[in-house]
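Colleague: Could you pick one part of this model and take a close look at it with me? I would enjoy one connected account, with the cut-offs spelled out as you go.

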Amino acid sequence: MDQLRLNIAGRLGAATIRGSLPPIISLLVLLIGVVALFVTPREENPSIDVPAANVFVRMEGASPEEVQNLVVRPLERVMREITGVDHTFGMALDSLAVVTVTFKVGQDKERSLVKLYDRIMHNLDRIPPGASQPLVKPLDVDDVPVSVITLASDAMDGLMLKRLAERVRDQLAPLPGVSVADIIGGRDHEVRITLDPARLAAWHIPLDQVHRVLAAANSGGQVGTLVGDNREDRVWLDGYLKDAEQIGRLIIGTADGQPIYLRDVATIRDGAAEVTALHRIGFGAGAHRKATGGEPELPAVSIALAKKKGTNAVVVTRAIADKLEQLKGDLIPDDVTVTITRDSGRRADAAVNLLIEHLAIAIVSVVVIMLLFLGWRE
């Protein structure tokens, strides 16, 4: 029987079977896959381009209905005129309008934001009198926190916890891969001046005079230079107000040749700002916690950390957790409970590991079926 004459495909297949090229290619593909498995960043959210932005406009004294009709609706009409816009969403509050615009998936972020800003500036005449200039704040998927650390303690108030959180944030923000670091909760420090109208009227001191004195006293910076002896020295004014005692000594007027101090007509309090929102954390019966004093909930402050685009969420969150362990007992007191309330890196790592496990099961199942029904050679 004559030997079969093979075509190009047959000759290529025969050469492949007899040669060592298939094992080499298989091994190369396997190595590339293993390297890609360790090199590819693991993220919980897909890294896609969906340009979006919030537009804020303030209109002091306006009701939500007025903000809706005078600001939100005109802004939405302007934004819908932009090419590539997917949808808009407006929200009217007391004295504030917030309009969110989202572009279609795949649109270039920089070009979309430039078109949005250019269109708003081109239609400023549609903004009613008394409204502020629109403030455009872009939104980014990478700004979503990948790690949230909550500091809680029954021995500290909101002001002390926030100051501690600011120091901890200063240690975590420089870590590789960390981009945005925000503090949620706590209370700010402020000096509150409560004027007594009866005392102001008794001393014939107008309210705007008190405002002028405070504005003039709370100032600083370079005021000039001194030249002499072949040198030039800059003169700085360190006039910023620092505490309640210093503010109380401000002279706001005179009466019968005697100075009238601010403390004579006002009550000055130095401390935490008024409570506008509460941020607390609760623990379950089986939760491990320190210094809770048996309280079901504790005052808390959270630090939200986002990662830079293209970085591995698993690596970033692990670095944050390792740094926190170093700070415990040193910067962070023992009576403060540290809880990682959000860890996107751990969830992303678990999801990827589960996918790899299922993929391995599928490959092994296919190999076993081929061995049973087709044989080793096939």
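Modeller: Happy to! Contact here means heavy atoms within 4.5 Å, and helices (H or I, at least four residues) and strands (E, at least two) are DSSP runs numbered from the N terminus. This is a predicted model, in which local features need pLDDT of at least 70 and side-chain atom pairs count only at pLDDT 80 or more, while totals for chains, interfaces and linings use all residues. Residues are numbered from 1 along each chain as its sequence is written, and side-chain values use heavy atoms, with hydrogens and water left out.

Let's begin with helix α5. Helix α5 covers residues 158–172, 15 residues in total, and its first and last C-alpha atoms lie 20 Å apart. That is close to the expected 21 Å, the expected span being 1.5 Å times one less than the number of residues. Buried means under 20% relative accessible area, exposed over 50%, and partly exposed in between (1.4 Å probe, protein chains only). In α5 the buried residues are Gly158, Leu159, Leu161, Lys162, Leu164, Ala165, Val168 and Leu172. An α-helix has 3.6 residues a turn, so residues three or four places apart point the same way. The cover over the buried residues of α5 includes strands β5 (147–152), β6 (178–185), β7 (189–195), β12 (266–272) and β14 (297–307), along with helix α9 (313–327).

Strands β1 (residues 52–58) and β3 run antiparallel and are joined by seven bridges; Phe56 has Val98 as its bridge partner in β3.

Thr102 is buried, because its relative accessible area is 13%. Leaving aside residues up to four places away in sequence, Thr102 touches Val50, Pro51, Ala52, Val85, Asp86 and His87.

Notes: Two strands pair if DSSP finds at least two bridges between them.
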